[in-house]
Amino acid sequence: MTAPLKATCHCGAVELSVTLAEGGLATAGRCNCSFCRRRAAPAVTAPLGGVIVVKGADNLTLYTWGTGTAKHYFCRICGIYTHHQRRANPNEMGVNMGALEGVNPADYELIPWSDGVNHPSDR
């Protein structure tokens with residue numbers, strides 16, 4: 001595990017402390033499901049307990065659909081996606097790589113895409 005990183009939404013109303021899973025920033029990926037492909041933000045992996053809301057929990061809003069397993073969190077003020085509990089592995093969190101302080105996702109391209117369109121839980 002890595003040392004905790006700071007993640008914020010655009011307006012600063014939400015702040016997270018994020019401890020990434022083994023592999024750190026190299027875990028970055030994107031999903032092509034109907035929701036994630038519209039967002040296109042690369043996410044890095046954290047264990048379920050690796051994301052702590054430091055401030056602004058009352059400014060987070062939740063979006064979920066379908067199986068209800070994936071839980072996507074956004075700042076209700078600026079609309080930035082901060083993190084989500086994964087459908088592929090509910091014991092993992094995906095964290096918006098672009099929300100991590102000092103991290104520019106463009107520096108880590110080519111970031112791979114996963115096939116969320118054909119996810120096994122949708123069958």
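**Exercise 1.** In which strand is lysine 6 found? Work out its surroundings too.

*Solution.* Before we start: this is a predicted model, where local features need pLDDT of at least 70, side-chain atom pairs count only at pLDDT 80 or more, and totals for chains, interfaces and linings use all residues. Residues are numbered from 1 along each chain as its sequence is written, and side-chain values use heavy atoms, with hydrogens and water left out.

Step 1: find the element. Lysine 6 sits in strand S1 (residues 5-8); strands are DSSP runs of E, at least two residues, and helices are runs of H or I, at least four residues, numbered from the N terminus.

Step 2: check the exposure. Buried means under 20% relative accessible area, exposed over 50%, and partly exposed in between (1.4 Å probe, protein chains only). Lysine 6 has 35% relative accessibility, so it counts as partly exposed.

Step 3: list the partners. Contact means heavy atoms within 4.5 Å. Not counting residues up to four places away in sequence, lysine 6 touches Glu15, Leu16, Ala99, Leu100 and Glu101.

Step 4: Asparagine 91 is 85 residues from lysine 6 along the chain, and their C-alpha atoms are separated by 21 Å.

**Exercise 2.** Describe the overall fold and its dimensions.

*Solution.* Step 1: count the elements.

Step 1: Along its principal axes the C-alpha trace spans about 40 × 30 × 25 Å, and 41% of the 123 residues count as buried.

**Exercise 3.** Which residues touch the most other members of the largest nonpolar core?

*Solution.* Step 1: define the core. It is a set of buried Ala, Val, Leu, Ile, Met, Phe, Trp, Tyr and Cys residues joined through side-chain atoms within 4.5 Å.

Step 1: Among the 20 residues of the largest core, they are Val18, Val44, Val95 and Leu100. Strands S2 (15-18), S4 (43-47) and S9 (92-96) are the elements giving two or more residues to this core.

Step 2: look for another core. A second, separate one has eight residues, including Cys31, Cys33, Phe74 and Tyr81.
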